[in-house]
Amino acid sequence: MSFRKHLSEEMKNPEFKRAFEEEKRLLELSYAIVEAREQKGLTQRELAKKSHVTQQQLSKIENGVNCNMLTFIKVSSALGLGITVSA
């Protein structure tokens, strides 16, 4: 069975679909932070210092590891990015 077919079958399960969508949004946010940091020519160390977080915390964000909202806000703010919450 191909991956796409397997994923299509799994997405029929509401719990799996919810978890998949949450992970997808987390990775999209992580990717946006990496892109913005690189566009500004900042290293992880520089952005971490500017954000008042540790480099380890920033690395976790950039690798899609779940972290608290305050850390996302600090990093996003230091990059000049806004965070939009919607229902």
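Which helices each supply at least two residues of the lining of the largest pocket? Good morning. The answer is α2 (14–39) and α5 (69–79). Helices here are DSSP runs of H or I with at least four residues, numbered from the N terminus.

Before I go on, a word on the model. It is a predicted one, in which local features need pLDDT of at least 70 and side-chain atom pairs count only at pLDDT 80 or more, while totals for chains, interfaces and linings use all residues. Residues are numbered from 1 along each chain as its sequence is written, and side-chain values use heavy atoms, with hydrogens and water left out.

Let us begin with the pocket. A pocket is an open set of points on a 1 Å grid over the protein atoms alone, where a 1.4 Å probe fits and protein lies on both sides within 12 Å along at least five of seven lines; its lining residues have an atom within 4 Å of a point. The volume of the largest pocket is about 530 Å³, a volume being the space filled by probe spheres set on the points, which are joined across faces, edges and corners. Its lining consists of 20 residues, and Arg25, Leu26, Leu29, Met69 and Thr84 lie nearest the centre. Helix α2 gives the most to this lining, namely eight residues. By class, the lining has ten nonpolar, six polar and four charged residues. Here Ala, Val, Leu, Ile, Met, Phe, Trp, Tyr, Cys and Pro count as nonpolar, Asp, Glu, Lys and Arg as charged, and the others, Gly among them, as polar.

Helix α2 also holds Ser30. Is Ser30 buried or exposed? Ser30 counts as buried because its relative accessibility is 2%; buried means under 20% relative accessible area, with a 1.4 Å probe and protein chains only. Leaving aside residues up to four places away in sequence, Ser30 touches Ile61, Glu62 and Gly64, contact meaning heavy atoms within 4.5 Å.

I turn now to helix packing. The axes of α3 (residues 44–51) and α4 (residues 55–62) come within 8 Å and cross at roughly 110°. Axes are lines fitted to C-alpha atoms, for helices over the stretch in contact, and angles run from 0 to 180 degrees between N-to-C directions. The two helices are therefore roughly perpendicular, a term for angles of 65 to 115 degrees. In this contact, Gln44, Arg45, Leu47 and Ala48 of α3 meet Gln55, Leu58, Ser59 and Glu62 of α4.

Finally, the axes of α3 and α5 come within 8 Å and cross at roughly 105°. Thank you.

Note on methods
Parallel < 35°, antiparallel > 145°, perpendicular 65-115°, else oblique. Buried < 20%, exposed > 50% of the residue type's maximum accessible area, 1.4 Å probe, protein only.
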